Amino acid sequence: MRRTTASAVMEPVRVVLGASLSLAESVRRFAAHESVMAPVVGSGKTLGILSRSSVEHAVGMGAGGLTAAELICGGAPCVGRLSRTLQSWMRETGRGRRHQ
(Lines give C-alpha, C1' and ligand atoms only; values in the text may rest on other atoms or scores of the structure.)
Protein backbone atom coordinates (compact mmCIF):
# COMPACT_ATOMS: atom_id res chain seq x y z
CA MET A 1 0.00 0.00 0.00
CA ARG A 2 1.42 3.34 -1.07
CA ARG A 3 1.23 6.12 1.52
CA THR A 4 0.76 9.78 0.72
CA THR A 5 2.18 12.36 3.09
CA ALA A 6 0.34 15.52 4.11
CA SER A 7 3.14 17.64 2.67
CA ALA A 8 2.55 16.05 -0.73
CA VAL A 9 -1.03 17.34 -0.92
CA MET A 10 -1.02 20.52 1.19
CA GLU A 11 -0.22 24.03 0.07
CA PRO A 12 2.64 25.69 1.98
CA VAL A 13 1.70 28.65 4.19
CA ARG A 14 2.22 31.76 2.08
CA VAL A 15 0.41 34.33 4.18
CA VAL A 16 -0.72 34.66 7.80
CA LEU A 17 -3.60 36.97 8.68
CA GLY A 18 -3.69 38.92 11.92
CA ALA A 19 -6.89 38.68 13.94
CA SER A 20 -7.57 42.43 13.64
CA LEU A 21 -6.90 42.62 9.89
CA SER A 22 -9.94 43.82 7.91
CA LEU A 23 -11.45 41.43 5.41
CA ALA A 24 -10.83 43.96 2.64
CA GLU A 25 -7.11 43.96 3.46
CA SER A 26 -7.16 40.17 3.80
CA VAL A 27 -8.36 39.90 0.18
CA ARG A 28 -5.42 42.07 -0.95
CA ARG A 29 -2.97 39.87 0.98
CA PHE A 30 -4.40 36.67 -0.45
CA ALA A 31 -3.95 38.11 -3.95
CA ALA A 32 -0.45 39.47 -3.30
CA HIS A 33 0.77 36.09 -2.02
CA GLU A 34 -1.27 33.99 -4.50
CA SER A 35 -2.70 31.96 -1.65
CA VAL A 36 -6.05 30.23 -1.24
CA MET A 37 -5.90 29.49 2.52
CA ALA A 38 -4.40 31.34 5.48
CA PRO A 39 -4.21 30.83 9.22
CA VAL A 40 -5.55 33.65 11.40
CA VAL A 41 -3.48 34.41 14.50
CA GLY A 42 -4.07 36.55 17.54
CA SER A 43 -2.21 36.86 20.84
CA GLY A 44 0.31 34.29 19.66
CA LYS A 45 -2.34 31.61 19.02
CA THR A 46 -3.86 30.22 15.85
CA LEU A 47 -7.54 31.12 15.92
CA GLY A 48 -8.54 29.31 12.74
CA ILE A 49 -8.12 29.17 8.99
CA LEU A 50 -9.85 31.27 6.33
CA SER A 51 -10.16 30.54 2.65
CA ARG A 52 -9.71 33.23 0.06
CA SER A 53 -13.12 32.41 -1.41
CA SER A 54 -14.93 32.81 1.93
CA VAL A 55 -13.25 36.17 2.53
CA GLU A 56 -14.00 37.35 -1.02
CA HIS A 57 -17.62 36.27 -0.58
CA ALA A 58 -17.95 38.16 2.73
CA VAL A 59 -16.42 41.30 1.18
CA GLY A 60 -18.77 40.95 -1.80
CA MET A 61 -21.69 40.86 0.65
CA GLY A 62 -20.52 44.15 2.17
CA ALA A 63 -18.63 42.83 5.20
CA GLY A 64 -15.21 44.20 4.21
CA GLY A 65 -14.98 46.15 7.45
CA LEU A 66 -15.19 43.07 9.65
CA THR A 67 -11.94 41.55 10.87
CA ALA A 68 -10.47 38.16 10.06
CA ALA A 69 -11.18 36.98 13.61
CA GLU A 70 -14.83 38.02 13.30
CA LEU A 71 -15.29 35.85 10.24
CA ILE A 72 -13.81 32.70 11.77
CA CYS A 73 -16.57 30.22 12.36
CA GLY A 74 -15.63 27.62 9.77
CA GLY A 75 -19.24 26.72 9.10
CA ALA A 76 -19.64 25.44 12.65
CA PRO A 77 -21.91 27.11 15.19
CA CYS A 78 -20.20 30.08 16.82
CA VAL A 79 -20.67 31.12 20.38
CA GLY A 80 -19.49 34.11 22.31
CA ARG A 81 -18.36 37.57 21.21
CA LEU A 82 -17.53 36.68 17.60
CA SER A 83 -20.96 35.28 16.84
CA ARG A 84 -22.61 38.29 18.49
CA THR A 85 -20.53 40.59 16.27
CA LEU A 86 -21.61 38.71 13.13
CA GLN A 87 -25.22 38.58 14.26
CA SER A 88 -25.19 42.33 14.95
CA TRP A 89 -23.72 43.05 11.53
CA MET A 90 -26.31 40.83 9.85
CA ARG A 91 -29.17 42.60 11.69
CA GLU A 92 -27.80 46.07 10.89
CA THR A 93 -27.27 45.35 7.20
CA GLY A 94 -30.23 43.04 6.61
CA ARG A 95 -27.82 40.34 5.37
CA GLY A 96 -28.54 36.71 6.00
CA ARG A 97 -32.32 37.01 5.86
CA ARG A 98 -34.07 34.05 4.35
CA HIS A 99 -35.98 34.76 1.19
CA GLN A 100 -39.69 34.05 1.49
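This is a predicted model: local features need pLDDT of at least 70, side-chain atom pairs count only at pLDDT 80 or more; totals for chains, interfaces and linings use all residues.
Two packed helices are described by the angle between their axes and the distance between the axes. Take helix α2, residues 23–32, and helix α3, residues 52–60. Their axes come within 9 Å. They cross at roughly 140 degrees. Angles over 145 degrees would count as roughly antiparallel, so α2 and α3 are oblique to each other. The crossing of the two helices is left-handed.

Which residues make the contact between α2 and α3? From α2 come L23, A24, S26, V27, F30 and A31. From α3 come R52, V55, E56, A58 and V59. Sorted by type, the residues of this contact are 8 nonpolar, 1 polar and 2 charged.

## The nonpolar core

The largest nonpolar core holds 17 residues. Those with the most contacts inside it are L17, L23, F30, V40, L50, V55 and L71. The largest share comes from α4, with 3 residues.

L50 shows how such contacts reach along the chain. Residues up to four places away in sequence are not counted here. L50 touches L17, F30, V36, M37, A38, V40, V55, A68, L71 and I72.

## A buried serine

S26 sits in helix α2. Is S26 buried or exposed? Its relative accessibility is 0%, so S26 counts as buried. The cut-off for buried is under 20%.

Setting aside neighbours within four places in sequence, S26 is in contact with L17, L21, V55 and A68. One of these, V55, also belongs to the α3 side of the helix contact. S26 and T67 are 41 residues apart in sequence. In space, their C-alpha atoms are 8.6 Å apart.

## Two loop residues with positive phi

Most residues other than glycine have a negative phi. Here are two with a positive value. E34 is not a glycine, yet its phi is about 50 degrees. E34 lies in the loop between α2 and β2. With a relative accessible area of 59%, E34 is exposed.

Where is S43 found? S43 is in the loop between β2 and β3 (45–51). Phi of S43 is near 55 degrees, a positive value in a residue other than glycine. S43 counts as exposed, because its relative accessibility is 79%. The cut-off for exposed is over 50%.

Methods. Residues are numbered from 1 along each chain as its sequence is written. Side-chain values use heavy atoms; hydrogens and water are left out. Axes are lines fitted to C-alpha atoms, for helices over the stretch in contact, and angles run from 0 to 180 degrees between N-to-C directions. Helices (H or I, at least four residues) and strands (E, at least two) are DSSP runs, numbered from the N terminus. Angles under 35 degrees count as roughly parallel, over 145 as roughly antiparallel, 65 to 115 as roughly perpendicular and the rest as oblique. A crossing is left-handed if the near helix is turned anticlockwise from the far one by less than a right angle, and right-handed if clockwise. Contact means heavy atoms within 4.5 Å. Ala, Val, Leu, Ile, Met, Phe, Trp, Tyr, Cys and Pro count as nonpolar, Asp, Glu, Lys and Arg as charged, and the others, Gly among them, as polar. A nonpolar core is a set of buried Ala, Val, Leu, Ile, Met, Phe, Trp, Tyr and Cys residues joined through side-chain atoms within 4.5 Å. Buried means under 20% relative accessible area, exposed over 50%, partly exposed in between (1.4 Å probe, protein chains only).
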